[in-house]
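Work through the following exercises with the sequence and the coordinates open. Each task sentence is followed by a solution in steps.

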Amino acid sequence: MYSAIALLLAGAAILWFARNGAESRSEQEVLERARTASALLAGRLQASDFQGPAQGDRRAQLDRVFAPLIDGEVVRVKLWGADGTIVYSNDPSVIGTRHSREEIKAVLAGATKSEIGHLNDEGGRGENIKVLSAYVPVRTDGSSPPVGVLELYTRFDEVSADAQTAVKPVAIALVLALLLLYASLFPILRQVTSALETRTHRLQQQSDELEKTIAERKRALAGLREADARYRALVEELPLVSYVSSLDKPGFSTFVSPQLEDLIGYTPLEWLAKPGIFWDVIHPDDAERVRREHELGYANADTFSTQYRMQAKSGRYIWVEDQIRVIENPQGEPMQAQGFLIDVTARKNSELALKESEARFRGLVGNIPGVVFRCDIDSDWTMEFLSEAIEDLVGYPSTDFIANRVRSFASVVHPEDRLRLETDVGKSVTDRRPYTTDYRVLHRDGSVRYVIERGQAILAADGRLRLDGAIFDVTERRQVDHERLKLAAIVESSDEAIMSADLEGRLTSWNKGAETMFGYTAEEVIGESIAMLAPEGQKEQPLDRLAGAIETGERRYEATRRRKDGTLIEISLTVSAVRDSAGEVIAVSAIAQDITERRQVENERERFTRELELQNERLLELDRLKDEFVALVSHELRTPLTSIRGYLELVLDGEAGNVTEEQRRFLGVVERNANRLLELVGDLLFLAQIEAGKLSLEVGAVDLAAVAAESVETARPLAEDKRITLTLATSPVPLLAGDGARLAQLLDNLVSNAIKFTPEGGRVDVRASASRGNAFVEVRDTGMGIPAEEQEHIFERFFRTSRATEQAIQGTGLGLAISKAIVHAHGGRITLASSEGEGATFRVTIPIRAIQPAEQTKEEIAS
Amino acid sequence: VSDRPLVLVADDDPDILNLVMLRLERDGYEVVGASDGEGALQQALERVPDLAVLDVSMPKLDGYEVAQRLRAHEGTREVPIIFLTARAQKSDGARGLEAGASDYVTKPFSTADLRLRVQAALGL
């Protein structure tokens with residue numbers, strides 16, 4: 001029964017819906033049209049249009065605006081102001097009328113409204129047809145709130161008629177069919193319905209329960225999801241990579257968080273796609289250690305951490321800290337490893353940098369050629385830090401001074417300098433400026449060292465004022481400075497020119513001596529090239545010499561140089577390379593002496609020597625000519641003298657008839673003078689030979705004692721003429737190698753000289769002897785003797801003693817010269833012992849040389 | 001042809017030549033003279049002398065050369081020669097001896113000395 005009523009109701013509902021559905025659809029269309037119109041008009045309407053009824057021109061404009069809209073279906077438009085006044089309509093009669101504000105306000109607030117009515121419900125003219133009107137808000141600008149409302153009237157008949165005619169018969173047929181169907185199926189339906197109802201009821205109960213359960217589950221799941229999301233969000237926002245790894249395979253991840261990409265450039269997908277990639281990217285130096293640590297950690301189910309390097313995709317190595325926890329299942333069995341990787345590269349790098357900077361600091365401090373310190377500003381200079389170099393300086397280790405453990409630093413400062421050091425430092429602290437001071441320190445070995453200290457007071461981290469500084473040993477530098485000053489003084493005071501130049505030949509020093517020598521002051525030449533000192537045309541020579549000195553280390557030479565006033569001077573230069581401690585030539589020094597005068601003297605001497613040599617040559621030539629002349633003359637004299645003597649002999653022998661006594665006397669004078677002449681010629685010839693170096697000995701075995709005896713016998717008649725006692729004393733003399741004739745000539749000379757210069761009644765003693773390889777012959781006379789001043793000339797040719805000349809004793813002055821030559825030719829010597837008025841003794845010494853077989857042979861032939 | 005020994009004397013100085021020839025003639029020798037080496041050689045070859053007294057320094061052929069030529073000829077090979085030399089050096093005399101001289105006399109010589117040497121050379 002209910003269902004029949006329900007069915008009838010449903011039929012009525014369908015009918016109503018069908019009709020209403022049509023109306024509804026029309027209203028929608030009108031509203032849509034109104035909205036479109038409103039949107040189209042928005043740009044052409046003004047806010048002022050809604051303030052009050054449109055008048056005059058504006059109304060005409062609006063007519064033109066709205067005209068296209070009135071197309072037969074749309075029959076009227078109205079613009080409503082916010083206060084409910086109709087400000088415009090295509091029917092002018094309604095403009096200015098006012099209606100309920102509430103409706104307009106609602107539309108202005110955003111609601112849309114449509115209604116079915118008649119055209120002239122709110123006044124107006126024309127046929128009062130049924131219309132469908134729609135209200136839409138109007139905006140003059142897209143974003144501004146609506147300023148008014150547009151109402152659009154369309155004919156209702158047309159829009160609703162189609163729908164009604166189509167729907168009505170179908171709806172009626174449908175209702176009838178339903179009634180028929182219901183009537184036939186009612187009994188079955190009723191059973192089924194009741195069964196269904198029961199079932200439905202049960203199902204409803206189950207469904208309610210299920211729904212309850214599902215709701216609970218959903219809530220729980222949502223909670224879980226939220227927690228998970230929160231967790232993931234947290235995990236993914238943490239600046240670390242979390243991962244899960246299986247226990248049996250360390251490094252083989254089963255999960256890894258997305259930050260991995262930030263860390264090493266691999267996405268989790270890439271990472272998980274390559275099992276074991278971990279061992280590819282870990283630094284080879286770290287791999288083994290990390291593997292051991294992981295295995296140990298897993299085995300002990302520990303929580304542990306380790307650090308190692310991983311190579312990012314970019315190739316860069318990144319230091320990570322890996323914190324690992326072994327997760328156990330509820331049964332307490334190790335299940336998996338969960339870890340976090342944190343980028344600690346920066347920390348590591350700063351650790352390394354710190355280490356490096358510490359090492360560098362230590363290295364620097366160690367290498368500083370001085371002592372570095374930090375100390376308190378007190379009378380002990382209590383050391384907080386003192387570098388080890390202090391030991392070189394004072395002989396005590398730096399640890400002695402730290403906190404005055406063994407001694408204070410003040411104790412090694414020279415007592416005379418302690419107060420000044422305190423004053424200097426105190427002043428610096430007050431002025432807050434760095435200080436430099438010098439003082440002496442006492443070395444353990446008793447020596448005194450000179451130091452320079454530089455420092456500054458600084459506010460240490462603990463808020464106390466400390467002194468930071470460095471101490472430098474300048475003892476050697478002081479000594480070097482002193483040496484340098486001394487040397488500089490020596491150089492400056494030297495008369496010699498001392499200068500130096502760099503490797504390019506630019507003068508770098510110039511002493512007073514150089515100023516005097518060259519006429520330039522130091523200011524004029526320093527920085528100039530040494531070429532300026534050379535005369536024109538030799539400008540490149542000094543630089544060549546300089547290069548030579550650089551190459552060889554030292555050069556001495558003489559050169560011509562030009563003074564400032566243009567005069568040329570001769571100098572002797574010693575150029576030396578100056579080397580640095582590494583042996584590199586860095587400069588050149590030169591010492592110059594003015595040798596102009598010496599040069600002149602040398603030149604003079606040279607010229608003189610040349611002249612002498614020339615003269616000498618000329619003299620030698622003259623001498624040679626003289627010798628030749630003498631030889632020629634002597635030879636040419638001999639032949640005529642031979643004739644003279646030969647024919648005299650013939651006459652005196654009576655070959656030309658008897659000779660009277662007087663004739664014989666006269667011819668005797670001729671013969672004697674001819675003999676003198678011959679003697680002179682012979683002597684001259686002999687001397688000429690000697691001087692020409694042509695004297696050769698006819699060497700044979702000579703018995704000098706016998707030769708002496710012969711000479712004595714030859715001279716005896718002469719001695720007897722002058723009643724002179726002539727004696728001979730000989731001891732055996734061994735045969736010696738010599739020229740018998742020459743030796744006889746020698747002794748004849750000596751004996752005849754002795755007789756010649758001995759007055760009547762005097763005596764001449766001749767002795768021959770031999771001793772220790774020498775043969776001696778001595779001829780002593782009791783003559784007038786030879787004055788001491790004449791003795792040294794006695795063996796010179798043509799020399800005659802003053803006494804010989806005075807007393808007109810005959811002689812050529814050649815005898816002793818010849819004698820000496822003969823003695824020398826035999827390797828012996830002849831000496832004279834005499835004093836005036838006491839006679840003279842000539843002593844001949846000849847070495848006894850055995851005769852050589854060849855010489856013997858010649859001698860034999862000759863004899 | 002006499003039985004007196006024939007002495008050839010050669011000297012370019014006519015005074016010396018005459019002196020020697022005169023002396024030797026007075027001493028009883030047969031003497032022929034020449035004033036140069038060529039002449040001396042010619043004379044010697046025409047008539048072989050018993051002795052030649054030759055001055056060393058002569059024009060054309062000097063004494064040594066004359067001596068060598070004489071020594072080169074069969075007929076004159078055995079003729080004794082005495083050189084007259086004005087050279088001071090005794091080595092000149094030695095050279096003469098080497099050239100085949102029997103003796104030499106140094107100018108200035110005494111005629112007495114020469115006489116003795118001539119006698120010796122002729123083996124008288």
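**Exercise 1. A buried arginine**

Leaving aside neighbours within four places in sequence, which residues is A:Arg76 in contact with?

Solution. The model is a predicted one.
- Step 1: locate the residue. A:Arg76 is found in strand β1 of chain A, which covers residues 74–81.
- Step 2: list the contacts. A:Arg76 is in contact with A:Ser89, A:Asn90, A:Asp91, A:Leu119, A:Asn120, A:Gly123, A:Gly124, A:Arg125, A:Glu151, A:Leu152 and A:Tyr153.
- Step 3: look for a polar contact. The side chains of A:Arg76 and A:Asn120 make one, at 3.1 Å.
- Step 4: classify the accessibility. Buried means under 20% relative accessible area; A:Arg76 has 4%, so A:Arg76 is buried.

**Exercise 2. Other salt bridges**

How many salt bridges does a search of the whole structure find over all chains?

Solution. 
- Step 1: take the total. The search finds 51 salt bridges over all chains.
- Step 2: examine one pair. A:Asp765 and A:Arg763 meet through their side chains in a salt bridge of 2.9 Å, N to O.
- Step 3: classify its partners. A:Asp765 counts as buried at 16% relative accessibility, whereas A:Arg763 is partly exposed at 37%.
- Step 4: look for a network. Salt bridges link A:Glu416, A:Asp417, A:Arg420, A:Asp424, A:Asp438 and A:Arg440 in a network.

**Exercise 3. The interface of chains A and B**

Describe the interface between chain A and chain B by its contacts, its buried area and its salt bridges.

Solution. 
- Step 1: count the residues. On the side of chain A 18 residues are in contact with 22 residues of chain B.
- Step 2: take the area. About 1900 Å² is buried between chain A and chain B, and carbon and sulfur atoms give 54% of this area.
- Step 3: count the polar links. There are three salt bridges between chain A and chain B. Five residue pairs are in polar contact across the interface, with both residues at pLDDT 80 or more.
- Step 4: assign the elements. In chain A, α16 (596–652) and α17 (661–691) each supply at least two residues of the side that touches chain B. α16(A) gives the most, with 10 residues.
- Step 5: sort that side by type. Its residues on chain A divide into five nonpolar, six polar and seven charged.
- Step 6: examine A:Glu655. A:Glu655 forms a salt bridge with B:Arg23, with the closest N and O atoms 2.7 Å apart. B:Arg26 also forms a salt bridge with A:Glu655, at 2.9 Å between the closest N and O atoms. B:Arg26 lies in helix α1 (residues 14–26) of chain B and A:Glu655 in the loop between α16 and α17 of chain A, so this pair joins two chains.
- Step 7: classify this pair. B:Arg26 is partly exposed, with a relative accessible area of 42%, and A:Glu655 is partly exposed with 25%.

**Exercise 4. The largest nonpolar core**

Which residues have the most contacts inside the largest nonpolar core?

Solution. 
- Step 1: identify the residues. The core has 42 residues, and A:Leu726, A:Leu750 and A:Phe842 have the most contacts inside it.
- Step 2: assign the elements. Among the elements of chain A that each supply at least two residues of this core are α17, α19 (740–756), β25 (774–781) and β27 (840–847).
- Step 3: follow A:Phe842. Not counting residues up to four places away in sequence, A:Phe842 touches residues including A:Leu750, A:Val777, A:Phe795, A:Leu816 and A:Ile830.

**Exercise 5. The elements of chain B**

In what order do the elements of chain B run from the N terminus on?

Solution. 
- Step 1: count the elements. Chain B has five helices and five strands.
- Step 2: read the order. The elements run β-α-β-α-β-α-β-α-β-α.
- Step 3: take the buried share. Of the 124 residues in chain B, 48% are buried.

Terms used:
Residues numbered from 1 in each chain as written. Chains lettered and ligands numbered in written order. Predicted model: local features only at pLDDT ≥ 70, side-chain atom pairs only at ≥ 80, totals over all residues. Heavy atoms only, no water. Contact = heavy atoms within 4.5 Å. Buried area = accessible area lost by both parts, 1.4 Å probe. Salt bridge = Lys/Arg side-chain N within 4 Å of Asp/Glu carboxyl O. Polar contact = N/O pair within 3.5 Å; in protein donor to acceptor, adjacent residues only side chain to side chain. Helix = DSSP H or I, 4+ residues; strand = E, 2+ residues; numbered from the N terminus. Nonpolar A, V, L, I, M, F, W, Y, C, P; charged D, E, K, R; others polar. Core = buried A, V, L, I, M, F, W, Y, C linked by side-chain atoms within 4.5 Å. Buried < 20%, exposed > 50% of the residue type's maximum accessible area, 1.4 Å probe, protein only.
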